[in-house]
Amino acid sequence: MRKISAIVTTLAMAGLWAAALPTGSAQAATCAGLHSSLPTQYVYAYDAMNCDSAELGRAVGNDQNWGDSGGSFQGGDTNKASSVINLGLTSQVKFYNGTGDFPNGGYICLSRVEGFVRDLSDDFFTSGPTVNNAISSHEWVASSACSNWAT
């Protein structure tokens, strides 16, 4: 009888211990965590809020069309970003609601100091629409080129 009691107690303790351990799928990355661990010089974009998805892409340079086959963002990347990270060394990132020569379609900037935006649904382009699922291009700019900042 003591053996059964000891086995049951051991199994219960093992179950509690295992439940306390993080699992890979349950421990999703966050924008804050990624901001402190990703390589610098890039702008990153994610399909889900709080950077909780595979990245759509990353870029060192400008990309005038996230939906074409050139540049770092391509094809299905356009109009999908719900969170972004700026790890540029000296510049701000200016995101556009449009493609081609800059600027067009309105913009919003993300500063190096701010670093990331977890949820783009409460940010708006200068032209009015929400930024969430609407970024089509970006460029690196000086702070003086921005008057509309993501938060």
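**Close-up views of the predicted model**

View 1. With a relative accessibility of 27%, G100 counts as partly exposed; here buried means under 20% relative accessible area, exposed over 50%, and partly exposed in between (1.4 Å probe, protein chains only). This is a predicted model, in which local features need pLDDT of at least 70 and side-chain atom pairs count only at pLDDT 80 or more, while totals for chains, interfaces and linings use all residues. Residues are numbered from 1 along each chain as its sequence is written, and side-chain values use heavy atoms, with hydrogens and water left out. G100 sits in the loop between β4 (92-96) and β5 (107-110); helices (H or I, at least four residues) and strands (E, at least two) are DSSP runs, numbered from the N terminus.

**View 2. The open sheet β5-β4-β7.** Here 3 strands form an antiparallel open sheet in the order β5-β4-β7, where pairing requires that DSSP finds at least two bridges between two strands. β5 and β7 (137-141) stand at the edges with a single partner strand each, so one side of each has no neighbour in the sheet. On average, neighbouring strands of this sheet are turned by 25° against each other, direction ignored; axes are lines fitted to C-alpha atoms, for helices over the stretch in contact, and angles run from 0 to 180 degrees between N-to-C directions. Look also at β4 and β7, which pair in the antiparallel sense over 5 bridges. V93 has W140 in β7 as its bridge partner.

**View 3. The disulfide of C31 and C51.** The structure holds 2 disulfides, each a pair of cysteine sulfur atoms within 2.5 Å. In this one, the sulfur atoms of C31 and C51 are 2.0 Å apart. The torsion about their S-S bond is about 95°, so the disulfide is right-handed. C31 lies in helix α2 (residues 31-35) and C51 in the loop between β1 (43-46) and β2 (55-59), 20 residues apart. Both cysteines, C31 and C51, are buried.

**View 4. The disulfide of C109 and C146.** The sulfur atoms of C109 and C146 are 2.0 Å apart. A torsion of about -75° about the S-S bond makes this disulfide left-handed. The pair links C109 in strand β5 to C146 in the segment after β7, 37 residues apart. C109 is buried at 0% relative accessibility, and C146 is buried at 11%.
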